[in-house]
Amino acid sequence: MVSAPARRELVRHMIGCGLSERRSLRITGMSASAYRYEPAADRNGALKAKIMTLAQRHRRYGASMIYLKLRQAGEVVNHKRVERLYVQAGLQVRKRKRKKIPLADRHPLQRPMAANQVWSMDFVFDRTAEGRSIKNLTVIDDATHEAVAIVAERAMGGNQVARILDQIAATRGLPKAIRTDNGKEFCGRAMLNWAHARGVQLFLIEPGKPNQNAYIESFNGRFREECLNEHWFTSLAHARVIVDAWRREYNEERPKKTLGGLTPAAYAKQLIQNPLNYPPDSKAQCY
């Protein structure tokens, strides 16, 4: 298909050869108005140049940011016009594929030699009588098997987890490292900032491999079997009372075969007095 500019040139050539304008237009199939049309100057030229300049300077800015920069410079322009010119110029920002970098090194599962060296954390879920969920944050000491904390809430994010750990630190101190899964509460910015500020390492297990966090998984199984499945919670307050009572019983009254029949609290005291008195399951397990 012949373009309009090419047809105009053909009409001019035919007129130059002696044909009338009317006959030349009839032969080429072009109307007189189309032949006489003069394209207007591009009124968007100056704006397009400004958009391209901003896009080159700010390579990761999209159309909305370019529009805001124009408005910031005092340019009165419609955002739809900016977006149209932006797309016409092919300036769309390509989304970068996120490079998967581990937030922390993988760490072999082994029994620490003393308390407060490595803690493990996880969540265990349950429901109250009206069907609303309970999110239990469980924290244990890998060396002593103590249930450092069990905190029941309706919902819990990274900031709240960090506040809970600070509350624990006020009476027990902080560990050198904490092992968790890859949940957003543990891998988010709030926890990363908290750990960096306090010099605590975060050990993350590989996704889909809960056996790499076996200590907390074993504890969670006992917690569900002996506490959650044995009680019907009428409210969150009721659940907190029952859960806290079970935690104290677990630490101070429940003997563990792996600790030579001692309770976690008694073993923790013995470990302070005699650090070489090590439990039978102390052999490192690497995954």
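Biologist: Which backbone oxygen lies 3.3 Å from a polar atom of the side chain of Thr28?

Modeller: The backbone oxygen of Leu25 does. This is a predicted model, where local features need pLDDT of at least 70, side-chain atom pairs count only at pLDDT 80 or more, and totals for chains, interfaces and linings use all residues. Residues are numbered from 1 along each chain as its sequence is written, and side-chain values use heavy atoms, with hydrogens and water left out.

Stay with Thr28. Its side chain also reaches the backbone oxygen of Ser24, at 3.0 Å. Both are polar contacts, that is, pairs of N or O atoms within 3.5 Å; within protein, one atom must be able to donate a hydrogen and the other to accept it, and residues adjacent in sequence count only if both atoms are side-chain atoms. Thr28 lies in helix α2, residues 21-28. Helices (H or I, at least four residues) and strands (E, at least two) are DSSP runs, numbered from the N terminus. Thr28 is buried, with a relative accessible area of 13%. Buried means under 20%, exposed over 50% and partly exposed in between, with a 1.4 Å probe and protein chains only. Leaving out residues up to four places away in sequence, Thr28 touches Arg7, Leu10, Val11 and Met14; contact means heavy atoms within 4.5 Å.

Asn44 sits in the loop between α3 (32-36) and α4 (45-57). Asn44 counts as buried, at 8% relative accessibility. Its side chain and that of Arg81 are joined by a polar contact of 2.5 Å. Beyond its neighbours within four places in sequence, Asn44 is in contact with Arg81, Arg84 and Leu85.

Now the strands. In β1, 8 of the 10 residues are buried, so β1 is largely enclosed by the rest of the structure. Phe125 lies in this strand, residues 118-127. Phe125 is partly exposed, at a relative accessible area of 46%. Its contacts, not counting residues up to four places away in sequence, are Ile134, Lys135, Arg224 and Leu228. Arg224 is 99 residues from Phe125 along the chain, yet their C-alpha atoms are separated by 9.1 Å.

β1 pairs with β2 through 9 bridges, and the two run antiparallel. Strands pair if DSSP finds at least two bridges between them. Met121 stands opposite Val139 in β2. The two strands form a hairpin with 5 residues between them, and Gly131 in the turn has a positive phi of about 95°. β1 also runs parallel to β4 (residues 177-180), joined by 3 bridges. There, Trp119 stands opposite Ile178.

β4 carries the pairing onward. It runs parallel to β5 (residues 201-204), with 4 bridges. Arg179 has Phe203 as its bridge partner in β5. Ala177 and Arg179 point one way from β4, while Ile178 and Thr180 point the other way; all are buried.

Next, helix α11, residues 236-252. Its 17 residues reach 24 Å from first C-alpha to last, close to the 24 Å expected at 1.5 Å a residue. The expected span is 1.5 Å times one less than the number of residues. The buried residues of α11 are Leu236, Ala239, Ile242, Val243, Trp246, Arg247, Tyr250 and Asn251. They cover an arc of only 165° around the axis, which puts them on the same side of α11; the arc is that of the directions from the helix axis to the C-beta atoms. Val241 and Glu252 are exposed on the other side. The cover over the buried residues includes β2 (133-141), β3 (147-153), α10 (214-226) and α12 (264-273).

Last, the whole chain. It has 12 helices and 5 strands. Of its 287 residues, 37% count as buried. Among contacts with a separation of 6 or more, residues 24 or more positions apart account for 58%. The chain exposes about 17,700 Å², and carbon and sulfur atoms supply 52% of it. These areas come from the Shrake-Rupley method with a 1.4 Å probe; for residues, only the protein chains shown count as cover.
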